[in-house]
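Subject: Structure handover

Hello,

Please find the structure below. My notes on it follow, grouped by topic.

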Amino acid sequence: MSVVVSIEEVGPCRKQLTVEVPAPAVEAETQRVVADFRRQRKVPGFRKGKVPAELVRRRFGEAIQQEVVDRLVGRYWKQATAETRIEPLLPPRVDSVESEPGAPLTFVASVETRPEIELGELGEFELPDPPVELPDEELEAALAQLAREHGEWSPVERAAADGDLVHGELPEEAAADEAGGAPPRPVRFEVGAPQVWEELTSEARGRQAGEEARFIRRAPDGSEQAYRLRIDGVEQRVPAALDDALAERVGGFGDLAELRRALADRLRRDKEAARRQLRRQALAEQLTARYPLALPEGVVEREVEALLREYAEGLAMRGVDVERADVDWRQLAERVRPQARSRVHLRLLLDAIAEQQEVEPAAQELEAALAGIARVEGRSTQAVRHALDRSGGLAKLKAQLRREKVLRQLAGDAPEGASGGAGGESPAAEPAAAGAMPAATETAD
């Protein structure tokens, strides 16, 4: 017997179902809950398990009713989705429940669903094809950079330039002007390094020991703070000699020739990975432009939350107190919303293409992904499989691998690792927008 009374389209990618649970099923579940309460609850004057059923109903009536509703709504929602073949993208929102003694229980649930996608013939894509060969000059430049990174710092009597080490003091200007002066705040930084404030680098560049500079630092929340930099010294790095000793120090290589071969292999892998990423970025842009969609807004919101969570975790890993960080989270959410929409859009399209072309990950691809997770978590592959299966994560992993396979096929790429490629790329790595935050967890399954 059908339990679905009605289905309505209540917005793009959103359906509302009215579901009815038959009265006999409601009464049977009520009796089971009452029996559970008799075994578990204590009533003064009665031994546990010996409380009369009618007394339990009167004393715990509201709690019993709520437990019955919770059990039946979850169970019959699953039956309703199976009956209608709806694929919910998120758990349903139950808006109203009606239940009277001796009557059926009815509830109304709204749910996000996949949009209708008419793919037709996919056609051709214009994808960049940068060279992956490694010119000798690139290898020599990489070796020179390696020698520089493992060199030693030496003082110089000249103005600071990019790559130099500057040391001195950096108090806040207001504190520096107070009576008695500000407590010294030693600072030591490499001019032009990406982790160094741009304002600090700009003021240090071209100045030498004994000079001072004032600058304004704008915080992420928009506030401004004045600082006064005093330069006490400038050092330059003297590159290490390109010899067997460097090869040993860098990575335990037997000689310089072995280091050169290993570095060349790594640079080629990096170029192959960059080529894949560039092609997939172009593929993603062309796919989403070719197939505009009305997106499920609830899924987009979940993706925004995931991006913000990843950003916060990144701050915490760098030692930033997230609770005290000067971050306007609401403003940041709006900044990342376009990226969230692009990611959800792409996933929905990849799922539709996978279904159209009957793409499924091979058994060895799934095993390789599970083994990769097991290595990271320090567990056996079997333990990872069981844990994912219990939590529902195995289906999500398969969906990720399926999308990865579609991307690979459309971009004309070989599987990672098939030709010595970088094997560390995560399944279903999605092309990231310029300046995007790290990839987020799955939300469109």
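Buried stands for under 20% relative accessible area, exposed for over 50%, and partly exposed for what falls in between, using a 1.4 Å probe and protein chains only. The model is predicted: local features need pLDDT of at least 70 and side-chain atom pairs count only at pLDDT 80 or more, while totals for chains, interfaces and linings use all residues. Residues are numbered from 1 along each chain as its sequence is written, and side-chain values use heavy atoms, with hydrogens and water left out.

Confidence

pLDDT is the predictor's confidence in each residue, from 0 to 100. Its mean for the protein is 86, and 89% of the residues reach 70 or more. Over residues 417-444 pLDDT stays under 50; the model has 67 contacts for this stretch beyond four places in sequence. A contact here means heavy atoms within 4.5 Å.

Salt bridges

A salt bridge is counted when a side-chain nitrogen of Lys or Arg is within 4 Å of a carboxyl oxygen of Asp or Glu. By this rule there are 41 salt bridges. Helices (H or I, at least four residues) and strands (E, at least two) are DSSP runs, numbered from the N terminus.

Arg205 and Asp162 form one of these bridges, at 2.9 Å from N to O. The pair links distant parts of the chain, 43 residues apart: Arg205 is in the loop between α6 (198-204) and β8 (212-218), and Asp162 is in the loop between β5 (152-155) and β6 (165-169). Arg205 is partly exposed, with a relative accessible area of 39%.

Glu365 has a salt bridge to Lys405 (3.4 Å, N to O). Because Glu365 lies in helix α11 (residues 363-377) and Lys405 in helix α13 (residues 393-411), this pair ties together parts 40 residues apart in sequence. Glu365 also forms a salt bridge with Arg408, where the closest N and O atoms are 2.9 Å apart. Arg408 lies in helix α13 as well, so its pairing with Glu365 in helix α11 ties together parts 43 residues apart in sequence. Glu365 is partly exposed at 23% relative accessibility, whereas Lys405 is buried at 17% and Arg408 is buried at 10%.

Shared partners also join Glu29, Arg32, Asp36, Arg39, Glu67, Arg71 and Arg75 into one network of salt bridges.

Asp164

Asp164 sits in the loop between β5 and β6 and is buried, with a relative accessible area of 4%. Its side chain makes a polar contact of 2.6 Å with the side chain of Arg158. A polar contact is a pair of N or O atoms within 3.5 Å; within protein, one must be able to donate a hydrogen and the other to accept it, and residues adjacent in sequence count only if both atoms are side-chain atoms. A polar atom of the Asp164 side chain also lies 2.9 Å from the backbone nitrogen of Ala161. Leaving out residues up to four places away in sequence, Asp164 touches residues including Trp153, Phe189, Val234 and Gln236.

Hairpin and helix cap

Strands β1 (residues 4-11) and β2 (residues 14-21) pair in the antiparallel sense over six bridges; pairing requires at least two bridges found by DSSP. Glu9 stands opposite Lys15 in β2. Two residues separate the strands of this hairpin, where Cys13 takes a positive phi near 60°.

Asp243 caps the N-terminal end of helix α7 (residues 244-251), with a side-chain oxygen 3.2 Å from the backbone nitrogen of Ala245. Just after α7, Gly252 has a positive phi of about 70°.

Regards
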